[in-house]
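Subject: Structure handover and notes

Hello,

Here is the structure we discussed. My notes on it follow below.

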Amino acid sequence: MIHDMSNSSDSESIVDVQDLTKTYGSNHACDRINMRIGRGMTFGLLGPNGAGKSTFIRMLMGLTPIDSGTIKLFGHETRLSSPEMRQRIGYVPELHYIYRWMTVDGVIKFVSQLYDRWDSELANDLLDRFELPGKKKVGTLSKGMTAKLGLVIALAHNPELLILDEPASGLDPLIREDFLESVLQNHTCRGRTILFSSHHVDDVERVSDEVGILAHGKLVIRGTVDELRHRIRRVRIVLRDGHLPSHVPTQVFYQKLARREWLVTVDSFSEELLDELRTENQAVSCEVLDLNLEEIFKDVVRGTVGQGEVS
Amino acid sequence: MIKAILGKDLALLKNYIRATVVLTLGCYLFASGLAIWATSYDENAMKTIANRAFMSLDGGSQLGFIATGLVGALLAGSAISLERSDRSVEFLACLPPTRRQNLISKAMIVGSILLLMIGIHVVCNFSAQLLIPYVPSEKRPYVPDLTDVTTFVSIIVSMVGGAWGFASFMKSNGGPIILGLGTPFLVLSLVVIIGWSLGIKSEDESFQVRYTAGGFVLGLTLGLIGSYHYLTRSEP
């Protein structure tokens with residue numbers, strides 16, 4: 001259906017995943033995922049709930065064993081990430097399980113002793129910026145504050161790779177904004193690599209150089225936002241009265257038919273494809289519509305569920 | 001790095017360690033109180049300092065051995081499972097320390113506390129035995145010998161090993177502590193069943209030796225199985 005999963009990059013690969021697979025019973029949480037993220041790139045991983053984003057990230061982090069495939073981080077193959085790898089990775093999970101009985105200062109003191117490259121100045125700057133109360137216990141912090149503490153821990157050791165797994169999930173828009181702003185300021189400007197997973201399309205669009213859409217365990221599409229907007233189009237075709245679509249090209253990954261109006265979303269759009277749609281189906285008119293990332297995301301996900309809708 | 005993990009684990013078990021200190025002191029204070037009370041109305045030489053010291057040290061150490069088993073199960077069960085019960089083990093898993101380092105830190109804390117407690121009780125028990133010549137023979141209570149002390153230690157090992165082993169499979173500390181405390185009974189059942197199947201009577205003189213050996217074997221086996229599972233399990 002949709003292609004170009006590996007999208008080779010000229011730059012050095014920080015994350016290189018080949019045929020990564022994980023199944024739980026008959027459910028494919030990750031199904032032969034191929035992904036390469038070059039140094040300095042911010043990669044946004046979009047996907048609906050249950051698409052396999054967290055499983056994928058947990059496998060990268062070595063928290064979940066993989067069934068098959070390979071993971072290379074910083075050019076080294078790894079099944080369970082080593083302590084050396086973890087020194088180079090900052091990870092912000094969706095749910096934070098930082099020691100609730102520790103104070104904020106206690107947590108910072110504890111983790112600072114574990115990292116070789118801990119930057120106390122940066123940690124203090126971030127703590128001040130986030131107005132995190134040092135004497136308060138983690139268990140008494142709000143969800144937003146805990147997420148910010150998680151971000152401080154992930155950023156202050158200057159990781160080469162920052163992995164954010166739905167980091168702003170459940171946060172109110174103001175805190176989410178503040179959170180993303182901090183990620184952008186503290187990391188992208190330092191030229192480090194980020195893997196950012198979310199189902200908030202606007203967040204991903206804002207921070208990412210490149211986007212991948214994961215649905216039902218498969219990485220179904222990837223590219224820059226501009227590339228995707230250029231490649232993926234929606235075509236509105238009005239069919240002759242009494243006619244149904246008779247030819248569906250392979251590039252069509254989502255379609256919706258409502259009376260005479262047939263909407264198709266296609267990958268690798270071209271004028272030739274438009275002609276094919278027009279001539280092979282009894283079309284009265286054809287109109288090409290641009291899609292924003294959110295519409296692309298929705299159609300890709302819907303396309304992997306059922307192949308379309310008829311009403 | 002291990003220093004940081006040790007500090008964290010000590011803080012994690014802070015309340016249990018405090019309870020250990022209180023319980024240990026409590027054993028000797030209770031035994032002393034009991035010794036003073038029991039001898040205060042005695043007409044003969046039972047009121048001597050040596051006699052009371054003997055009773056305090058001997059009684060305190062015997063109570064102390066029981067307390068060490070309880071505390072050991074409490075500490076071992078909690079050290080392994082507390083982080084799983086609040087899922088902070090998932091936070092820990094993303095940090096640089098290896099599972100082995102985490103396990104070593106926990107083992108060092110539990111092991112040193114238990115060794116310290118056992119050491120205190122052995123020294124007190126030995127001191128009590130030095131006082132035996134000064135205790136009137138007709139009132140002299142039963143004094144545990146080396147075999148008894150070894151049996152006490154074996155019970156402690158089975159309790160600690162049981163709690164440690166079960167804790168790595170469980171997500172709260174209640175279950176492992178109870179199972180750890182129940183392990184000596186499991187040892188007893190196994191020794192009786194195996195003895196019966198081999199035609200050895202329970203009242204046989206070697207029963208205590210077999211029970212002691214069984215406690216060490218089962219405790220260490222459960223501890224090793226638990227440690228292996230802790231090192232290889234996936235979180236959560």
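A residue is called buried if 20 or more other C-beta atoms lie within 10 Å of its own, exposed if 12 or fewer do, and partly exposed in between, with C-beta atoms placed from the backbone. By that count B:Pro136 is exposed, because it has 12 C-beta neighbours inside 10 Å. B:Pro136 sits in the loop between α5 (99-130) and α6 of chain B. From B:His121, B:Pro136 is 15 residues away in sequence and 23 Å away in space, C-alpha to C-alpha.

Some conventions. This is a predicted model, in which local features need pLDDT of at least 70 and side-chain atom pairs count only at pLDDT 80 or more, while totals for chains, interfaces and linings use all residues. Residues are numbered from 1 along each chain as its sequence is written, and chains are lettered from A and ligands numbered from 1 in the order in which they are written. Helices (H or I, at least four residues) and strands (E, at least two) are DSSP runs, numbered from the N terminus.

Chain A

Chain A has 10 helices and 15 strands. Its C-alpha atoms fill a box of roughly 75 × 40 × 40 Å along the principal axes. Of its 311 residues, 45% count as buried. Two residues are in contact if their C-beta atoms, placed from the backbone, lie within 7 Å. Among the contacts in chain A with a separation of 6 or more, 73% join residues 24 or more positions apart.

Most residues other than glycine have a negative phi. A:Arg32, in strand β2 (residues 27-38) of chain A, has a positive phi near 45°. A:Arg32 counts as partly exposed because it has 15 C-beta neighbours inside 10 Å. A:Glu131 also is not a glycine and has a positive phi, of about 55°. A:Glu131 lies in the loop between α4 (120-129) and α5 (143-155) of chain A, and it is exposed, with 8 other C-beta atoms within 10 Å.

Where the chains meet

16 residues of chain B are in contact with 17 residues of chain A. On the chain B side, α1 (2-12) and α4 (88-93) each supply at least two residues, and α4(B) gives the most, with four. That side divides into eight nonpolar, three polar and five charged residues. Here Ala, Val, Leu, Ile, Met, Phe, Trp, Tyr, Cys and Pro count as nonpolar, Asp, Glu, Lys and Arg as charged, and the others, Gly among them, as polar.

Helix α7 of chain B

α7(B) has 24 residues and reaches 34 Å from its first C-alpha to its last, close to the 34 Å expected at 1.5 Å a residue (1.5 Å times one less than the number of residues). A kink of about 35° lies at B:Thr183, shortly before B:Pro184; the bend is the angle between axes fitted to the seven residues ending there and the seven starting there. Both B:Thr183 and B:Pro184 are among the buried residues of α7(B). What covers those buried residues includes α3, α6 (146-167) and α8 (207-232) of chain B. Just after α7(B), B:Gly199 takes a positive phi of about 80°.

In the contact of α3(B) with α7(B), the residues from α3(B) include B:Leu70 and B:Ser81, and those from α7(B) include B:Pro176 and B:Leu181. This contact divides into seven nonpolar, three polar and no charged residues.

Regards
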